Amino acid sequence: MELNLKDKYALVTGGTHGIGKAIALALADEGCSVAVCSRTSSRIAETERELKAKGANYLAIHADVTLKKDIDRVFKTIINKWDTLHILVNNVGGGGRWGEEDIEATDERVWQEVYDKNVTTAIRFIKLAIPYMRRQKWGRIITITSIYGREAGGRPWFNIAKTAQTALMKNLALKKDIVRYGITFNSVAPGSIMIPDTGWDKERKKNPIAFKRFVRQNFPLGRLGTPEEVASVVVFIASEKASLVNGASILVDGGESKVF
Ligand SMILES: NC(=O)c1ccc[n+]([C@@H]2O[C@H](COP(=O)([O-])OP(=O)(O)OC[C@H]3O[C@@H](n4cnc5c(N)ncnc54)[C@H](OP(=O)(O)O)[C@@H]3O)[C@@H](O)[C@H]2O)c1
């Protein structure tokens, strides 16, 4: 299937590790120009190396996107270089393991910080992207949510932040004055994804045998997902072929969630 991504410019927030990096590399494989932005220089350098090895046209920008001034700078850098943006992937998020299991022992600021990292950051990028997408009558805005943006579970601050992201994308998908310019809004909701040096990998390292048993018992496929499996779905949603997909929240979870 020809996805027609060769003349497109994309920003994947984060994009230097885990799901975001897999998305950036998968878009580059389709010939798309890709910008990534994150905080850790070594991750940025490694991602640059991988994008360069693919012969990709790319931008790698050092930024903390919880800061509005960094978001503005990331966007300005892209527009100065490329003059437009076709695809925005709101990937920065998380906070599923922030705070304590016990909500009474968790500081109130955690609720706000997780909300801001997931929701406020996405809103700021979306507001900057829409005028360019409207001008060119084409755009794809995709937010990486979670199964906990679709059903109850996990820590409550994460659950409400991811649910808010899902609602945001569906709400914007209904805005006739935007979507009739060829702009679509969708969310991709991963289940448990195995990523080196993050949550599930740390659990596995603590007790590999118990972890294997836990996974076999609790996940329909008997394994966790990979970032590349999420990226494949995002790349399709970002393509011209997905023009009728608007307002969807697509589970990529191997059947883990309980929603229909
Ligand atoms: N992993 C899972 O099982 C899973 C499941 C469901 C949903 N998700 C969602 O998928 C998304 C990606 O998660 P992931 O697991 O792939 O995370 P990850 O492996 O920790 O990677 C996060 C990426 O975002 C960057 N980043 C984090 N905070 C940032 C900030 N303030 N400013 C700029 N860049 C920042 C990181 O780089 P730096 O740290 O260097 O900045 C990195 O490139 C999140 O929205 C998460 O909630 C993940």
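In this predicted model, leucine 11 has leucine 88 in β4 as its bridge partner. The two strands involved, β1 (residues 9-13) and β4 (residues 87-90), pair in the parallel sense over three bridges.

**The sheet**

The pairing of β1 with β4 belongs to an open sheet of seven strands, in the order β3-β2-β1-β4-β5-β6-β7, with parallel pairing. β3 (58-62) and β7 (249-252) are the edge strands, each of which pairs on one side only. From one strand to the next, the twist averages 15 degrees.

Helix α1 packs on this sheet and touches β1, β2, β3, β4, β5 (139-144) and β6 (183-190). The direction of α1 makes about 170 degrees with that of β1. Helix α9 (residues 227-238) also packs on the sheet, where it touches β1, β4, β5, β6 and β7. Its direction makes about 170 degrees with that of β6.

**Helix pairs**

Two packed helices are described by the angle between their axes and the distance between the axes.

| Helix pair | Angle between axes | Distance between axes |
|---|---|---|
| α1 and α9 | roughly 50 degrees | within 8 Å |
| α1 and α2 (residues 41-53) | about 20 degrees | 10 Å |
| α4 (residues 108-136) and α5 (residues 156-173) | roughly 20 degrees | within 8 Å |

The axes of α1 and α9 cross at roughly 50 degrees, which makes α1 oblique to α9. The crossing is right-handed. On the α1 side, the contact comprises Gly18, Ile19, Lys21, Ala22, Ile23, Ala26 and Leu27. These residues meet Pro227, Glu228, Val230, Ala231, Ser232, Val234, Val235 and Ala238 of α9. By class, the contact of α1 with α9 has eleven nonpolar, two polar and two charged residues.

With α2, the angle of α1 is about 20 degrees, and α1 is therefore roughly parallel to α2. The crossing of α1 and α2 is right-handed. Lys21, Ala24, Leu25 and Ala28 of α1 meet Thr47, Glu50 and Leu51 of α2. Four nonpolar, one polar and two charged residues make up this contact.

The axes of α4 and α5 cross at roughly 20 degrees, so the two helices are roughly parallel to each other. Their crossing is right-handed. From α4, the residues in contact are Val110, Trp111, Val114, Tyr115, Asn118, Val119, Ala122 and Ile123. Their counterparts in α5 are Trp157, Phe158, Ala161, Lys162, Ala164, Gln165 and Leu168. The contact of α4 with α5 divides into twelve nonpolar residues, two polar and one charged.

**The surroundings of the ligand**

There are 27 residues around the ligand, of which Gly14, Gly18, Arg39, Thr40 and Gly93 come nearest. The elements that contribute two or more residues to this shell are α1 (18-29) and β2 (33-38). α1 gives the most, with three residues. By class, the shell holds nine nonpolar, 15 polar and three charged residues.

Terms used
Residues numbered from 1 in each chain as written. Predicted model: local features only at pLDDT ≥ 70, side-chain atom pairs only at ≥ 80, totals over all residues. Near = placed C-beta within 6 Å. Helix = DSSP H or I, 4+ residues; strand = E, 2+ residues; numbered from the N terminus. Nonpolar A, V, L, I, M, F, W, Y, C, P; charged D, E, K, R; others polar. Pairing = 2+ DSSP bridges. Axes fitted to C-alpha atoms, helices over the stretch in contact; angles between N-to-C directions. Contact = placed C-beta atoms within 7 Å. Parallel < 35°, antiparallel > 145°, perpendicular 65-115°, else oblique. Left-handed = near helix turned anticlockwise from the far one by under 90°.
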